[in-house]
Amino acid sequence: MSDKIIENNQVSIIGEVVSGFVFSHEVFGEGFYMLDVSVRRLSDSCDVIPLMISERLIDVNADYRGACIRAAGQFRSYNRHEEKKNRLVLSVFVRELEFMDEEVENSKTNQIFLDGYICKAPVYRKTPLGREIADILLAVNRPYGKSDYIPCICWGRNARFASGFEVGGHTQIWGRIQSREYMKKIDETESERRIAYEVSVSKLEYLE
């Protein structure tokens, strides 16, 4: 790789818009809106991925449902305070956006590269069917002293490899963003359906 500093958080996705715009927040008079995009997996199921888009990039009053778009940017996190605890909220912060006539066959519709640091001990486990899994939480630095905290999931030999990573270890990850539904228990009688987002890791390197 060249001496030029590469971006440590790069995402590119192609998919179909499946929601309208929902206002998120404003920074220095610039409004940011959430938009959901459905991205096809190779297995023909889909991941619904939330995008955060500036009103300066797109007409947020229009309805683009059904349109195919390509979005590039960063996978970001922030803590949303809910009731008594903080909840990690993840979305793709969009820097570039283009409309496409249709999804190009065999194009890479969901790619992410992260360069960051392990911020809690990896959790390694086996499923009842013997599949190996390791969960890691990666802190990816932003300019101005902020960091994004990205949950990543490794499989098979990548899981075995990641299980030995130490907190503070410098790690690079390639993979895809996936969405996963789960039931969150609210109290003894009530549960609600939620969606978790994480990076499914296809390749990783440990840089000491």
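Student: Leaving aside its neighbours within four places in sequence, which residues is Glu198 in contact with?

Tutor: Glu198 is in contact with Pro151, Ile153, Arg176, Ile177, Gln178 and Arg180, once the neighbours within four places in sequence are left aside. Contact means heavy atoms within 4.5 Å. Before going on, keep in mind that this is a predicted model, where local features need pLDDT of at least 70, side-chain atom pairs count only at pLDDT 80 or more, and totals for chains, interfaces and linings use all residues. Residues are numbered from 1 along each chain as its sequence is written, and side-chain values use heavy atoms, with hydrogens and water left out.

Student: OK, and where is Glu198 found?

Tutor: Look in strand β11, residues 191–206. Strands (E, at least two residues) and helices (H or I, at least four) are DSSP runs, numbered from the N terminus.

Student: Does Glu198 count as buried or exposed?

Tutor: Glu198 counts as buried because its relative accessibility is 6%. The cut-offs are under 20% relative accessible area for buried, over 50% for exposed, and partly exposed in between, using a 1.4 Å probe and protein chains only.

Student: What does the Glu198 side chain make a polar contact with?

Tutor: The side chain of Arg180, at 3.0 Å. A polar contact is a pair of N or O atoms within 3.5 Å; within protein, one must be able to donate a hydrogen and the other to accept it, and residues adjacent in sequence count only if both atoms are side-chain atoms.

Student: Ile153 was on your contact list. Where is its place?

Tutor: Ile153 is in strand β9, residues 147–155. Ile153 is buried because its relative accessible area is 6%. Again leaving aside neighbours within four places in sequence, its contacts include Arg125, Ile133, Gln178, Glu198 and Val201.

Student: How far apart are Ile153 and Pro50?

Tutor: In sequence, 103 residues; in space, 19 Å from C-alpha to C-alpha.

Student: Switching to charges: how many salt bridges does the structure hold?

Tutor: There are 12. For each, a side-chain nitrogen of Lys or Arg lies within 4 Å of a carboxyl oxygen of Asp or Glu. Side chains of opposite charge can pair when their charged atoms come close.

Student: Which residue meets Arg176 at 2.6 Å?

Tutor: Asp47 does, in a salt bridge with that distance taken N to O. This pair links distant parts of the chain, with Arg176 in strand β10 (residues 170–185) and Asp47 in strand β4 (residues 46–54), 129 residues apart. Arg176 is partly exposed, with a relative accessible area of 22%, while Asp47 is buried, at 0%. Arg41 is linked with Asp47 and Arg176 in a network of salt bridges.

Student: What does Arg160 pair with?

Tutor: Glu132, in a salt bridge of 2.3 Å, N to O. Here too distant parts of the chain are linked: Arg160 is in helix α1 (residues 156–162) and Glu132 is in strand β8 (residues 132–141), 28 residues apart. Arg160 is partly exposed because its relative accessible area is 45%, and Glu132 counts as buried at 13% relative accessibility.

Student: Next, strands! How many bridges join β7 and β8?

Tutor: Seven, and the two strands pair in the antiparallel sense. Two strands pair if DSSP finds at least two bridges between them. Lys126 stands opposite Glu132 in β8. The hairpin of β7 and β8 has five residues between the strands, and Gly130 there takes a positive phi near 90 degrees.

Student: How many bridges join β7 to β10?

Tutor: Six, and β7 and β10 run antiparallel.

Student: What is the phi of Phe28?

Tutor: Near 50 degrees, a positive value in a residue other than glycine. Most residues other than glycine have a negative phi. Phe28 is in the loop between β2 (22–27) and β3 (30–40), and counts as exposed because its relative accessibility is 84%.

Student: And what about the phi of Tyr144?

Tutor: Tyr144 has a positive phi of about 65 degrees, although it is not a glycine. Its place is in the loop between β8 and β9, and Tyr144 is exposed, with a relative accessible area of 84%.
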